[in-house]
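Here are a few friendly notes to read alongside the model. Keep the 3D view open and find each residue as it comes up.

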Amino acid sequence: MKDTATVRNIEGERITLVCGAGEMCRSCKANSFCSAKTREVAAVNPRHIELHKGDEVEFFIPPGRTILAGFMVLIFPLLTFILGFVIGGVL
């Protein structure tokens, strides 16, 4: 998965990126209904590409991490609810 972000801070190879709720969100007609928030992402620049604060970059998130994050947010709570329901019924 690819995402776009703005460089907020640079410390050697470590970069702090901010993404979400940018210009596209401000101009969107559904922005009052949307729950999109800005989020910070820590990234590494192993190729030492010259970056400056405020630069817009595109970064890649491996599919495995995206699937794991989706599982943790959507499936894991459902499974724990079912497990709690079953244990509560037994007790």
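1. A term to begin with: a salt bridge is a side-chain nitrogen of Lys or Arg within 4 Å of a carboxyl oxygen of Asp or Glu. Please also keep in mind that what you see is a predicted model.

2. How many salt bridges does the count come to by this rule? The count is one. Arg8 and Glu40 form a salt bridge, and their closest N and O atoms are 2.2 Å apart. Arg8 belongs to strand β1 and Glu40 to strand β3 (residues 39-44), so this pair ties together parts that lie 32 residues apart in sequence. Is Arg8 buried, exposed or partly exposed? With a relative accessibility of 43%, Arg8 counts as partly exposed, because that class runs between the 20% and 50% limits.

3. Now look at the sheet. Four strands make an open sheet in the order β3-β2-β1-β4, and the pairing is antiparallel. Which strands stand at the edges? They are β3 and β4, each with a single partner strand, so one side of each has no neighbour in the sheet. From one strand to the next, the twist averages 50 degrees.

4. Next, the links between strands. The antiparallel strands β1 and β2 are joined by five bridges, and β2 and β3, also antiparallel, by six. β1 and β2 form a hairpin with two residues between them. In the turn, Gly12 has a positive phi of about 65 degrees.

5. On one side, Asn9 stands opposite Thr16 of β2; in β3, the bridge partner of Thr16 is Ala42.

6. Which residues make up the largest nonpolar core? There are eight: Ala5, Val7, Ile15, Leu17, Cys19, Ala43, Val57 and Phe59. Two or more of these residues come from each of β1 (2-11), β2 (14-19) and β4 (56-60). The largest share, three residues, comes from β2. As a general background, nonpolar side chains in soluble globular proteins tend to be buried together.

7. What does Phe59 touch, leaving out residues up to four places away in sequence? Its contacts are Met1, Lys2, Asp3, Thr4, Ala5, Leu17, Cys19 and Val41.

Notes: Residues numbered from 1 in each chain as written. Predicted model: local features only at pLDDT ≥ 70, side-chain atom pairs only at ≥ 80, totals over all residues. Heavy atoms only, no water. Core = buried A, V, L, I, M, F, W, Y, C linked by side-chain atoms within 4.5 Å. Buried < 20%, exposed > 50% of the residue type's maximum accessible area, 1.4 Å probe, protein only. Contact = heavy atoms within 4.5 Å. Pairing = 2+ DSSP bridges. Axes fitted to C-alpha atoms, helices over the stretch in contact; angles between N-to-C directions.
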